[in-house]
Amino acid sequence: MKKMILFLTLFLLSLTEIQAAPLSSVDYSIVSPELQSFETVRYGNPYSGNYRSILQIAPEISGLKGVRLPVDKSGNLNAVDLTLEFSRPVKVLLGVATQSGQSVVHSVLDTLDFHNGKLTAKPVLLNGLSITELPAMDVFEVRYPAGEQSITIPSNPGFHLAILGVVASNQRISYRDGGIEDQEDYEAFYIEGFSEGPQLFSVIGGQDDPVVEEGMPGTEGIQGGFEGGAMIKIDSVYHIFPTERAGEEGMPATFDRVKTRIGHWTSKDAIQWTRQSTILQATGVYAVCPEDNPMNDRRSAIWSYMPIYSEENNRWYGHYLAYTTDKNIAPNHSFGRIWRCESTVEGIEGIGGPYKDIGIVIEPGLDSQWWEGRQGVASFFPYKVGDEWLSFISGAYPFRNKSDYPDKGGKGWFVGLAKSKKLEGPWTRLDTTVNPLVSIHPSFVENPIVSRLPNGLYIAVFDGGPEWLKLPNQIAYTLSKDGLNWTRARYIPIDVKVKKWWDTMRTPLGLIPEGDGIYTIVYAAIDNNRRYHPMGMVQVKMDMEVLNKIAEGL
């Protein structure tokens, strides 16, 4: 009896493996000159004129070559006569979705003309893939003989359609429900190398393991790892100033976000790092009341150290974030204030300090805007535009009105701009006709760091947001010609070349030029199974021709 049970178990497992085995793609030609192919994989972009991308896909159909169909500005299909040429009998795989929760039936596809093709009477795979902003798609097969064959698609047929790929006529999908969920509330995004259009950055390499990891020299006393901060390269030496989630011995992981410190680390290759010093140390003392009250310790947590060199003063300025923290209100980081400190050592070589505090640059007050929310001014990065200075400021857990204060922050991580005649200030928020800058992303931009590209464009790299918030979970960037108007976010999928050791991608520490269009990025990320958040490294290469074409359109 036991042998029979074991046999049945192995048999069922073998069936599962057969079901999950990828199909082999058959090569074919797209005769219709206006249409292009795409790769039917995670992040694949099935539509021309739209950033909708594949989020999840059943393994059977992953890796095929699909056809990118044209859509209008609303994402509805345009009319198209799709002509393909096959060298052998094949099956064309279609992804089809109607309204969320509704089953797709054969009759739904009656508006399409398959000409010589024969459509299956029912789906061969239920819930086989998800695409941003759409319900989950079922998969149908259309059998075609060899030769030139066509599918006529009318405009806006009343359902969503994707051409997923072509397989040999004798290949079979074992019918099952893939269990992939609808993603109608997952906003579409542009991801490098997958979305339609020229690719600005390509990933050329990096480290498959963290470059600053628990147990390495210098990490003593850091219970929670790292997050945020900035990276500078001077001559041949890299300098990083990460937030060290030091925490306190014997306290839970939530305390790692409170008793923080700013470290200074150096490296010759951005791989092997040596800790040099502690720049700043937070107190870790929690608030005694929920309001923004001077009775509270306003330097309970310190984050996001951003060094900027002042040519006029011939020394480094450090801008950093100091929080009040609360044990009982989310987020525990509240009422952020931006401080400025100055290196006591003149010149470029003074980057390591020591630093002395000068004062608060910008803080919550009567000129705060509702989108800044309970988290207050949560980051600050100044950059020069002409004779003036602009700075990204950020906020989170926004208030809708006065009655929300102090403990009813909503959801959203936003950025806006402040301006000043001088780096030293005073700094003034731009008004609400500009702030918040939703052109980059409507609800999530965190810790942008600005630099200049060879053609003069400004670029800001930032944390693109976690997957649990229905965001791409990748390093993101945005471009600007004038430092004021910024493009829609683009995301760099570094795991196409670097082994993914993280679950949640966090903050890039900057974009360091190495020459010949190559840039180095050090980033913080999270392994959900660990308390410790390490840092990684990746290198990307920029295409100057693509950059110049983008600049022409700005």
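**Note on the predicted model**

1. The protein chain has an accessible surface of about 23,600 Å², and carbon and sulfur atoms account for 51% of that surface. The model is a predicted one, in which local features need pLDDT of at least 70 and side-chain atom pairs count only at pLDDT 80 or more, while totals for chains, interfaces and linings use all residues. Residues are numbered from 1 along each chain as its sequence is written, and side-chain values use heavy atoms, with hydrogens and water left out.

2. Overall dimensions. Two helices and 36 strands are found in the protein chain; helices (H or I, at least four residues) and strands (E, at least two) are DSSP runs numbered from the N terminus. The radius of gyration is 27 Å, close to the 24 Å given by the globule rule for 554 residues, so the protein chain is as compact as a globular protein of that length. That radius is taken over C-alpha atoms, and the rule is 2.2 Å times the number of residues to the power 0.38. Along the principal axes, the C-alpha atoms fill a box of roughly 80 × 65 × 55 Å.

3. Burial and contacts. Of the 554 residues, 56% count as buried, where buried means under 20% relative accessible area, exposed over 50% and partly exposed in between (1.4 Å probe, protein chains only). Among contacts between residues at least 6 apart in sequence, 64% join residues at least 24 apart; contact means heavy atoms within 4.5 Å.

4. Aromatic pairs. The count comes to 28 aromatic pairs, with rings of Phe, Tyr and Trp (its six-membered ring) pairing if their centres lie within 6.5 Å; planes under 30 degrees apart count as stacked, over 60 as edge-to-face and the rest as tilted. Tyr43 and Phe194 form an edge-to-face pair, at 5.6 Å centre to centre and with 65° between the planes. This pair links distant parts of the chain, 151 residues apart: Tyr43 is in the loop between β2 (36-40) and β3 (47-48), and Phe194 is in the loop between β13 (190-191) and β14 (201-206). Tyr43 is buried, because its relative accessibility is 6%; Phe194 is also buried, at 17%.

5. A tilted pair. Phe241 and Tyr305 form a tilted aromatic pair, with 5.3 Å centre to centre and 35° between the planes. Phe241 lies in the loop between β17 (237-240) and β18 (243-244) and Tyr305 in strand β21 (residues 301-310), so the pair ties together parts that are 64 residues apart in sequence. Phe241 counts as buried at 0% relative accessibility, and Tyr305 counts as buried at 0%.

6. Cluster and charges over rings. Tyr43 and Phe194 belong to one aromatic cluster together with Tyr186, Phe189 and Tyr491. Arg490 lies over the face of Tyr190, 4.0 Å from the ring centre, and Arg299 lies over the face of Trp339 at 4.6 Å. A charge sits over a ring if NZ of Lys or CZ of Arg is within 6 Å of the ring centre and within 35 degrees of the ring normal.

7. Strand pairing. Which strands make up the open sheet of three strands? Its order is β1-β6-β11, with antiparallel pairing; two strands pair if DSSP finds at least two bridges between them. The edge strands, β1 (29-30) and β11 (147-153), each pair on one side only. Two bridges join β1 to β6 (residues 80-86), and Ile30 has Leu84 as its bridge partner in β6. Elsewhere, strand β33 (residues 504-508) has five of its five residues buried. Three bridges join β33 to the antiparallel strand β35 (residues 518-526), where Ile526 is the bridge partner of Thr504.

8. Two individual residues. Pro307 is placed in strand β21 and is buried, with a relative accessible area of 3%. Beyond its neighbours within four places in sequence, Pro307 is in contact with Ala230, Ile232, Phe241, Trp316, Tyr317 and Gly318. Gln56, in strand β4 (residues 54-57), counts as partly exposed at 39% relative accessibility.

Conventions. Accessible areas come from the Shrake-Rupley method with a 1.4 Å probe; for residues, only the protein chains shown count as cover.
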